[in-house]
Amino acid sequence: MTIGICNDHAGVAYKFRLVKYLESQGYQVVNFGTDTEVSVDYPDFAHALASAVEKGEVDLGIALCGTGNGMAITLNKHQGVRAGLAWASEIGRLVKAHNNANVLVLPARFISWQMARRIVNTWLTTPFEGGRHQRRIDKMPV
């Protein structure tokens, strides 16, 4: 499985740790940057990841920024993306089980590294429940 990952300056440290961790678990990771803590505009990186998800160039995506909100808002402008913001493992489980989120967004300034890793693991291993949740997802596009 290939996972795309993007971030702004607030998510650099966790991004590098997540890339190393995910690769150790057998995932292929595509880095959509940024790779420094120099201030950048998060939409530039979110759009690159979202396009890769929509084109099938990556199977899933992970995005990090300070609060996660800017990334989530930008990612969800793309019709082929369902980005879910998670700050706890249970939220990570639910965005996959109920929303079939194909991008997980993490608020790097508000969670610990251990929590970030736990959320990612939970999200990656949770199956989508389908059923009534699929019916709701089908109603999302405008």
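Analyst: A disulfide is a pair of cysteine sulfur atoms within 2.5 Å. This is a predicted model, in which local features need pLDDT of at least 70 and side-chain atom pairs count only at pLDDT 80 or more, while totals for chains, interfaces and linings use all residues. Residues are numbered from 1 along each chain as its sequence is written, and side-chain values use heavy atoms, with hydrogens and water left out.

User: How many disulfides does the structure hold?

Analyst: It holds zero disulfides. The closest cysteine sulfur to that of C6 belongs to C65 and is 8.6 Å away, which is too far for a bond.

User: Is C6 buried or exposed? And what about C65, buried or exposed?

Analyst: C6 is buried, because its relative accessible area is 0%. C65 is also buried, with a relative accessible area of 4%. Here buried means under 20% relative accessible area, exposed means over 50%, and partly exposed lies in between (1.4 Å probe, protein chains only).

User: Changing topic: how many salt bridges are there?

Analyst: There are two salt bridges. The term stands for a side-chain nitrogen of Lys or Arg within 4 Å of a carboxyl oxygen of Asp or Glu. One of them pairs the side chains of D35 and K15, at 2.8 Å from N to O.

User: Where do D35 and K15 sit?

Analyst: D35 is in the loop between β2 (28-31) and α2 (42-55), and K15 is in helix α1 (residues 12-24); the pair links distant parts of the chain, 20 residues apart. Helices (H or I, at least four residues) and strands (E, at least two) are DSSP runs, numbered from the N terminus. D35 counts as partly exposed because its relative accessibility is 41%, whereas K15, at 0%, counts as buried.

User: Which residues touch the most other members of the largest nonpolar core?

Analyst: They are L18, I62, L64, L104, L106, V120 and W123, out of 25 residues in that core. A nonpolar core is a set of buried Ala, Val, Leu, Ile, Met, Phe, Trp, Tyr and Cys residues joined through side-chain atoms within 4.5 Å. The elements giving two or more residues to this core are β1 (2-7), α1, β3 (60-65), β5 and α5 (113-125).

User: Which element gives the most?

Analyst: That is α5, which contributes seven residues to this core.
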